[in-house]
Amino acid sequence: MSQTLHVSDYATLVFDCDGVVLDSNKIKTDAFYQASLPYGQAAAEAMVEYHVANGGVSRYKKFAYFLKQIAPAQATSLLDLDLEAMLQAYASHVREGLLNCEIAPGLESLRKKTPGARWLIVSGGDQTELRDVFAQRGIAEWFDGNIFGSPDTKDEILARELASGNIQHPALFLGDSKYDYQAASTAGLDFVFLSNWSEVDQWNEWVLANRLVQMSSVQSLLDSYSC
């Protein structure tokens with residue numbers, strides 16, 4: 001993606017949620033720890049390490065991996081029941097945080113300056129939960145292309161919305177994880193990495209190695225790109 005392209009060049013803007021639209025990465029990391037803690041501190045710490053290394057992947061896949069790979073000895077044979085219990089514990093920890101965490105500064109201004117662009121959320125978060133939170137916080141209407149999340153993966157969502165015409169090219173994905181970049185690349189979307197709230201370890205080296213466009217936040221994108 002050229003540094004000279006303007007946000008106004010894009011017909012579609014696709015946003016990840018956690019770490020991009022909401023300052024919620026730490027909330028979810030703590031929720032993964034708390035939901036896994038009944039299996040022991042070491043298992044919970046391993047869950048957090050796996051979660052951070054796989055940013056953007058849905059909770060369903062992460063907890064399934066946890067039960068099968070990280071704590072199989074502690075887990076019962078009723079994996080579906082264990083998975084449901086972990087999902088419920090996680091959701092209870094996350095909900096209040098999502099309703100109260102910071103919304104990205106500059107997001108409303110960016111929406112006003114891109115009236116012709118369709119906006120979508122494509123997140124690893126639970127779709128029903130996200131739609132409810134965004135509605136309660138009064139920002140759902142900004143995303144006229146809809147709010148999408150798990151259990152569908154980002155790859156599945158992007159492929160489906162491209163096929164339906166909901167995502168029109170040229171399209172830009174704003175993300176904060178390696179998976180966001182991989183999903184955007186597979187779908188043929190331009191990509192900007194937002195670093196301020198990202199949990200990617202040593203993101204500077206990764207950004208340089210992949211020759212990515214990097215901005216600190218939505219506000220810096222708004223300030224640096226002519227709209």
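Okay, let me start at a glycine: α6 is followed by Gly-138, and its phi is positive, near 75°. Keep in mind that this is a predicted model, so everything here is computed from it.

Let's stay with α6 for a moment, which covers residues 127–136. Go to the other end, the start of the helix, and you'll find Asp-126, with a side-chain oxygen that comes to within 3.3 Å of the backbone nitrogen of Thr-128. So which residues of α6 are buried? Those are Glu-129, Leu-130, Val-133 and Phe-134. Around the axis they take up an arc of only 125°, which means they sit on the same side of α6.

Now α3, residues 59–70. Here the buried set is Arg-59, Lys-62, Phe-63, Phe-66 and Leu-67. Look down the helix axis and those buried residues fall within an arc of 130°, so they line one face of α3. And what's on the face turned away from that buried side? There you get Lys-68 and Gln-69, both exposed.

How does the lining split by class? We have 11 polar, 10 charged and 7 nonpolar residues.

Last stop, Arg-118, which is in strand β2. Is Arg-118 buried, exposed or partly exposed? Its relative accessibility is 32%; buried would need under 20% and exposed over 50%, so Arg-118 counts as partly exposed. Setting aside neighbours within four places in sequence, Arg-118 touches Ala-11, Thr-12 and Leu-13, then Asp-144 and Gly-145, and also Gly-165 and Asn-166. With Gly-165 there's something specific to look at: the Arg-118 side chain reaches the backbone oxygen of that glycine at 3.5 Å. As for Asn-166, it is 48 residues away from Arg-118 in sequence, yet the C-alpha to C-alpha distance is 8.2 Å.

That's my tour; happy to go back to any of these on the screen.

Terms used. Residues are numbered from 1 along each chain as its sequence is written. This is a predicted model: local features need pLDDT of at least 70, side-chain atom pairs count only at pLDDT 80 or more; totals for chains, interfaces and linings use all residues. Side-chain values use heavy atoms; hydrogens and water are left out. Helices (H or I, at least four residues) and strands (E, at least two) are DSSP runs, numbered from the N terminus. Ala, Val, Leu, Ile, Met, Phe, Trp, Tyr, Cys and Pro count as nonpolar, Asp, Glu, Lys and Arg as charged, and the others, Gly among them, as polar. Buried means under 20% relative accessible area, exposed over 50%, partly exposed in between (1.4 Å probe, protein chains only). The arc is that of the directions from the helix axis to the C-beta atoms. Contact means heavy atoms within 4.5 Å. A polar contact is a pair of N or O atoms within 3.5 Å; within protein, one must be able to donate a hydrogen and the other to accept it, and residues adjacent in sequence count only if both atoms are side-chain atoms.
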